[in-house]
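Hello,

Here is the structure I said I would pass on. Please open it first and then read the notes below it.

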Amino acid sequence: MTSIFSLVARVLRDPIAIVDRSEDPDALQELAPRLLGIAVVGCMIFGTVVGSSRGGIQLVYAAVKMPLLLWIPVALALPAARALWMACEVEVPWSRVALAGLVAMARTAILAAAAGPVLWLYYSLSPGYHVSVLALAAALAAVGLPGLGVVARAMPAGGKRRWLAMAGSLVVLGLCVAQTGWLLRPFVARPAGEVTFLRPIEEDVFSSLGATTRSAVGDYSQEWEPETRGMLQQRGGR
Amino acid sequence: MEHAVPAVALAPAPAEEDAARALPDAATVGRAVLGFGLLGLCAALGSADIAGASRILPAALVVDLGALVLTGPALLVGHQYLGLDAPVPSLAGVLAHAFCRAGAVALGLCPALLFFAATSGLAPGLLVLSLAGIAFMGLSDAFTGLRAAEVAAGDPKSRVVRDAKMQLLVVGWMVLTALVGLRLGFHLAGM
Amino acid sequence: MSPEPGLLELVGLAYVVAGGVVVWRLRGRLGWAAGVGAFAAWPVFLPLLGGPSERPGPHATRIGEVFAALERTLADPAAEEVPWSADLGGLRTALSRADERIGLVDRLLADAGPTDTTPLRSAREAAAGELLAVLDEVVQLRLQIGLAALHGNAASVRERLSELLARAEAIDEVSGLHG
């Protein structure tokens, strides 16, 4: 346990030093499961807090889904990020990219767990559904930025047009986070709605953003009717 | 700034310059082609019907490789016509490397695009966005490489004039390539 | 239930199968908890699947530390006018490659048994000595970068990098001949 706590401290104080050990397979073999464990536990704590906005079984649902909200975008964006950095002449091995992603996830999860009480305090005031969702998004953005900073700083110096690789990676990650959040919803369950683990796949995050924004400002003039798209998108049970 | 780094100082070391202008090996080219092919496949899987999928499937490869194949010779001819000094094989090497890097980026984007194809109807739109981004990276890569190839060749005394001519030529070629790529894209979209 | 699986199910299945393959390839190297982690998050465990040719050499950690320190120096805004280009990546690659070859020689020597390995051993020592010498020079380079940031003598940094790159590539060639 002591080593886990010291690893947590290192993730917060000097994450790049951990990433610098990526070329040593023994270190990677030792660090990767621990970092993954830290990320999962931190996310589950944060997820439990988010689930507390509704309580009951939603506590469990949100806690189980929250680690996926971090992992899926990272897994999807890392190959793109590495390809973009390589295209900008920054030679970076996959082991470094992968470990940087893991450290970033762990850092975000630790900060999210630490920020949990603040969010819980806010949810205890029974804010509206849409505002609760926005508070969750804001909290995730606030704790996600230090994690993103790790990935940016972990990339080797050099190369041309680094800003392009950075911007491209951010766009891919941002899109994947948004769509994953949409896919794994609800995290904050509607007060009057039925609690479910996952809602059916319908439309996409961007089509719903407009509707959510309109609802948040009390504009219900346009109805939003989700529909399934794509050749192979049919899902069991639908 | 007094000690600002000149553009030439940021260029790769001589050994790397040579490597950057030699033609890439077959495996590298194959990986790039695979990248574009898979990117199109991932987007096609998210298409609403078979007809749409059959148009989207080859889109990435046709637009990128097609534009390069159609406009590359024009660049080489223009280069010779303007009497510039860089050896033609080195220019071809720069273009091939730019294509291969773009293909590697396409390959890296495949997991994300497949995810969007599986979970939303955004895949075709994101394919267009990806191709635009990849084209921007590839063309800016080619611009830097082609200029560097010309600057490194020939008489240093005429370097400034040759560099200016080369910049004009490459900018013209980039515009032509972008237009040809757009035309191919519109054709595939049935527009 | 829909009779045909959706794309999401197919992608999920492929992910699970890939996770199973990774865990199977890493069997014996991971505990059960790490195995579960590798199954769920297999992309980050892919580097562990590397074959013998990707094994780092005996100085991999030292190379990582030295270059990490140098990169931190170069990342400092005060050093932004120091030219380093892609030379740094090339130098690191050349040193790592030479180090991997030294590692290969070490493994050969370990398996050599009673045969006379003196020439190989001396070539190995020479290559390792030169590699460590170049690494020491890279450490010195940090100081030179500080001077360049102060006085603007940036060309000397570039020349020094080129010289170190040539030396590192020479080690690679020599150890390649002997290894």
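Chain A and chain B together bury about 2300 Å², and 73% of that area is on carbon and sulfur atoms. Please keep in mind that this is a predicted model. The contact involves 28 residues of chain A and 30 residues of chain B.

Which residues form a salt bridge here, and how far apart are their closest N and O atoms? The pair is B:Arg101 and A:Glu89, with the closest N and O atoms 3.4 Å apart. One salt bridge is found across the interface of chain A and chain B. Between these two chains there are also three residue pairs in polar contact, counting pairs with both residues at pLDDT 80 or more.

The largest share comes from α7(A), which gives eight residues. Sorted by class, the side of chain A that touches chain B has 18 nonpolar, four polar and six charged residues.

Next comes the interface of chain A with chain C. Here 26 residues of chain A are in contact with 29 residues of chain C. The buried area is about 2500 Å², with 67% of it from carbon and sulfur atoms. How many salt bridges are there between chain A and chain C? The count is zero. Two residue pairs are in polar contact across this interface, again with both residues at pLDDT 80 or more.

The side of chain A that touches chain C takes two or more residues from each of α3 (25-51) and α5 (94-123) of chain A. Of the elements, α3(A) gives the most, with six residues. By class, this side of chain A divides into 14 nonpolar, seven polar and five charged residues.

The last item is a pair of helices from chains B and C. Helix α5 of chain B (residues 88-119) packs against helix α1 of chain C (residues 7-25) at an angle of about 140°, and their axes are 8 Å apart. The two helices, α5(B) and α1(C), are therefore oblique to each other. From α5(B), the residues that make the contact are B:Leu114, B:Ala117, B:Ala118 and B:Thr119. From α1(C), they are C:Leu7, C:Leu8 and C:Val11. This contact has six nonpolar residues, one polar residue and no charged residues.

Regards

Note on methods. Residues numbered from 1 in each chain as written. Chains lettered and ligands numbered in written order. Predicted model: local features only at pLDDT ≥ 70, side-chain atom pairs only at ≥ 80, totals over all residues. Heavy atoms only, no water. Contact = heavy atoms within 4.5 Å. Buried area = accessible area lost by both parts, 1.4 Å probe. Salt bridge = Lys/Arg side-chain N within 4 Å of Asp/Glu carboxyl O. Polar contact = N/O pair within 3.5 Å; in protein donor to acceptor, adjacent residues only side chain to side chain. Helix = DSSP H or I, 4+ residues; strand = E, 2+ residues; numbered from the N terminus. Nonpolar A, V, L, I, M, F, W, Y, C, P; charged D, E, K, R; others polar. Axes fitted to C-alpha atoms, helices over the stretch in contact; angles between N-to-C directions. Parallel < 35°, antiparallel > 145°, perpendicular 65-115°, else oblique.
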